[in-house]
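Thanks for making the time, everyone. I would like to go through one structure with you, from the overall picture down to a few individual residues, so please have a look at it first.

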Amino acid sequence: MSARSLVSITDLDRDEILGIFHLADAFKEVAERPIPKVPALRGKTVATMFFEASTRTRLSFETAAKRLSADVMSFSASTSSLEKGESLRDTIETIDAMGVDAMVVRHKSSGVPAQVRAWTKASVINGGDGQHEHPTQALLDCYTIREALAARAGDEEGPEDLRGLRIGIVGDVRHSRVARSDVLAMTTLGAEVVLVGPRTLLPPSLDGWPVKATVDLDSVLGDLDVVYLLRIQRERADSALLPSLDEYHWRWGLTRQRAARLSDRTLVMHPGPMNRGVEIAPEAADLPSSLITRQVKNGVLIRMAVLFHLLGAPAPGLIDVPDVPDVPDVPDVPDVPDVPDVPEGAELPESDGQLARGALHA
Ligand code: CP
């Protein structure tokens, strides 16, 4: 039987997504302990295999694995034997032979994590593949929205899903793996999603996408509960797909002026890394209603939950997090009595003198 994997949000149904959120809620308590670690995945090995740059995804997966007491194997493409011409398949099979339980894979080509699944017995988690999907980003985004709504309601449990919310995903939707996974996760949880951006950066067809789309940000901004800005990939500024970055900012960016018109209740999100001054003005990124830092913080909890869901849970829905046994208090060390000064000219007792001489010759 092949291991359970997470390559696409479609690998999870609504109940499994909510189960992962419940696990993340349980791990939040662990994260607040003086030693934020549980033995849930002791003996398991997680390999992070990034063939493309990352700060948030790689570090949060590695932190998550360590907090669950898993061993972490960190593969770096630029210092690996790929540089000597080793193929991707041989690289995967080499690491598989060392004995790993999960591989977190990021690659610039769509479909690589799905292909890797055929070359390893380990669980494969998609850490972002080309323009395809970034499922754990979508899970942490939905979890963060749900948490913000719960905080607003003063209800620790919070709403179960995102029903009744209107979420605008703004920017380069066409090339965005984050947008693809977010649309799937947000609509599975009952939200209404509207895509906003230049016509050239919207999907050529919305067939099969349960969303609406517009090129006019100002026509929808006032009705949104969440404004989710996507990163503009700067290389597109040189292509016919995008006007200049300045024009992009004025037409589709969350400018200072648009941010000032937002209701205090409109949540602002971005997956990072941000281009401040392009898709989002610096002032907008730092609004009290901005969840951008919270998204990063929750990324660790969601990745703990995903690892536990795939590697640790004997049955879907398990949410018990084993306690770490209390560490006994260390007894106080008794004070060492002051050694009295030896009066000048006084002779040391014979036994001390012998000990001192013995020590010198030991
Ligand atoms: N959001 C995201 O995937 O960030 P990184 O590229 O830093 O991992």
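How many helices and strands does the secondary structure of the chain come to? This is a predicted model, and in it the chain has 12 helices and nine strands. Of the 362 residues in the chain, 48% are buried. If we take the contacts with a separation of 6 or more, 71% of them are accounted for by residues 24 or more positions apart. As for the surface, the chain exposes about 18,300 Å², and 52% of that is supplied by carbon and sulfur atoms.

Let me turn to the interior. In soluble globular proteins, nonpolar side chains tend to be buried together. The largest nonpolar core here has 64 residues, and the members that touch the most other members are Phe-27, Leu-139, Ile-145, Ile-169 and Met-186. Helix H11 gives this core its largest share, 10 residues. At least three residues of the core come from each of domain 1, which is assigned as 9–134 + 296–318, and domain 2, assigned as 136–294. There is also a second, separate core, with 24 residues, and that one includes Leu-224, Ile-232, Leu-242 and Ala-259.

H11 covers residues 292–312, and from its first C-alpha to its last it reaches 29 Å, which is close to the 30 Å expected for its 21 residues at 1.5 Å a residue.

Helix H5, residues 135–153, has 19 residues and spans 27 Å between its first and last C-alpha, close to the 27 Å expected. Here too the helix is largely enclosed by the rest of the structure, because 16 of the 19 residues of H5 are buried. Just after H5 comes Gly-154, with a positive phi of about 70 degrees.

Beyond its neighbours within four places in sequence, Tyr-248 is in contact with several residues, among them Asp-172, Pro-198, Ile-232, Leu-242 and Val-278. Val-278 is 30 residues away from Tyr-248 along the chain, yet their C-alpha atoms are separated by 7.0 Å.

Ala-53, by contrast, sits in the loop between strand E1 (45–50) and helix H2 (56–67), and its relative accessibility is 67%, so Ala-53 counts as exposed. The C-alpha atoms of Ala-53 and Ser-76, which are 23 residues apart along the chain, are separated by 9.6 Å.

Finally, two points of backbone geometry. The peptide bond from Gly-272 to Pro-273 is cis, with omega near -5 degrees, and Pro-273 lies in the loop that runs between strand E9 (267–269) and helix H10 (282–285). Ser-69, in the loop between H2 and strand E2 (71–76), takes a positive phi of about 70 degrees, although this residue is not a glycine.

Terms used: Residues numbered from 1 in each chain as written. Predicted model: local features only at pLDDT ≥ 70, side-chain atom pairs only at ≥ 80, totals over all residues. Heavy atoms only, no water. Helix = DSSP H or I, 4+ residues; strand = E, 2+ residues; numbered from the N terminus. Buried < 20%, exposed > 50% of the residue type's maximum accessible area, 1.4 Å probe, protein only. Contact = heavy atoms within 4.5 Å. Areas by Shrake-Rupley, 256 points an atom, 1.4 Å probe, with all protein chains shown as cover. Expected span 1.5 Å × (residues − 1). Core = buried A, V, L, I, M, F, W, Y, C linked by side-chain atoms within 4.5 Å. Domains from an automatic or database assignment.
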